[in-house]
Amino acid sequence: LFRSKDDRFSRSSVHIRKPILMGSINTEYAQLMQQTAIAEGRIEISASLLAKIDAGEEGFGEWLSHARQAALEGARQTAHLFSEPAYRSFMRVTVGFRFDRENAAIICTAKAETRGGNGADTEALSAVSAALLALYTHCKETNEALRIAHIRLLDETQHDILTQQTP
């Protein structure tokens, strides 16, 4: 990244050099990339258990907050679990839950944003997996039939931070 001496703070004075990549990732250019990914998954449970969680009945009300905490920690630890490159910087993960009453399931959605190369997809998938495993851990004590299903990546985008354009 170079700045002209005449105008240090003007966006127009910023020039990006894009060297040829020879089978490796250029960390200087990668730091200028932002990646966003959205993942989703579900845990299928009984309708009666879903109603108790939804109503926040005693003993069930905190399960979603525990699952959210597990999702955030799962996303944070992704780089350590999968030996992600050190140059990638984790920015933000948001996690949400919704109830599918018709199919007696809780659906978890996670959006991860990173700066510097790749990794948002893995962080979003890890967040969803960790949240669903936390719910599974709570639900298995009820001796209900449980099924974690359909963990998948819904969307993934990458763009240059300075120009806000997709490469």
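Predicted model: local features only at pLDDT ≥ 70, side-chain atom pairs only at ≥ 80, totals over all residues.
Figure 1. In S5, Ile-106 is the bridge partner of Ile-43. Another pair to look for is Gln-35, whose bridge partner in S5 is Thr-114. The two strands, S3 (residues 33-44) and S5, run antiparallel and are joined by eleven bridges.

**Figure 2. How much of S3 and S5 is tucked away?** Start with S3: ten of its twelve residues are buried, so this strand is largely enclosed by the rest of the structure. Now turn to S5 (residues 105-115), where eight of the eleven residues are buried, so S5 too is largely enclosed by the rest of the structure.

Figure 3. Val-128 sits in helix H5, which covers residues 120-139. Is Val-128 buried or exposed? Its relative accessible area is 0%, and since anything under 20% counts as buried, Val-128 is buried. Leaving aside residues up to four places away in sequence, Val-128 touches Ala-39, Glu-40 and Gly-41, then Cys-108, Thr-109 and Ala-110, and also Ile-151.

**Figure 4. Helix H3 crosses helix H5.** H3 spans residues 63-76, and its axis comes within 7 Å of the H5 axis, with the two crossing at roughly 145 degrees. The crossing of H3 past H5 is right-handed. Which residues of H3 meet H5? On the H3 side they are Trp-63, Leu-64, His-66, Ala-67, Ala-70, Ala-71, Gly-74 and Ala-75. Facing them from H5 are Glu-123, Ser-126, Ala-127, Ala-130, Ala-131, Ala-134, Leu-135, His-138 and Cys-139. Sorted by class, the contact of H3 with H5 has twelve nonpolar residues, four polar ones and one charged one.

**Figure 5. Ala-104, a non-glycine with a positive phi.** Most residues other than glycine have a negative phi. Ala-104 is not a glycine, but its phi is positive, at about 50 degrees. You'll find Ala-104 in the loop between strand S4 (89-100) and S5. What is the relative accessible area of Ala-104? The value is 12%, so Ala-104 counts as buried.

**Figure 6. His-150, another residue to check for its backbone angle.** His-150 isn't a glycine either, and its phi is positive, at about 55 degrees. Rather than a loop, look in strand S6 (residues 147-160) for His-150. With a relative accessible area of 47%, His-150 is partly exposed; the exposed class begins over 50%.

**Figure 7. Stepping back to the whole chain.** Zoom out and the chain shows five helices and six strands. Following the sequence, they come in the pattern β-β-α-β-α-α-α-β-β-α-β. There are 167 residues in the chain, and 40% of them count as buried. The accessible surface of the chain comes to about 9900 Å², with 51% of that belonging to carbon and sulfur atoms.

Methods:
Residues numbered from 1 in each chain as written. Heavy atoms only, no water. Helix = DSSP H or I, 4+ residues; strand = E, 2+ residues; numbered from the N terminus. Buried < 20%, exposed > 50% of the residue type's maximum accessible area, 1.4 Å probe, protein only. Contact = heavy atoms within 4.5 Å. Axes fitted to C-alpha atoms, helices over the stretch in contact; angles between N-to-C directions. Left-handed = near helix turned anticlockwise from the far one by under 90°. Nonpolar A, V, L, I, M, F, W, Y, C, P; charged D, E, K, R; others polar. Areas by Shrake-Rupley, 256 points an atom, 1.4 Å probe, with all protein chains shown as cover. Pairing = 2+ DSSP bridges.
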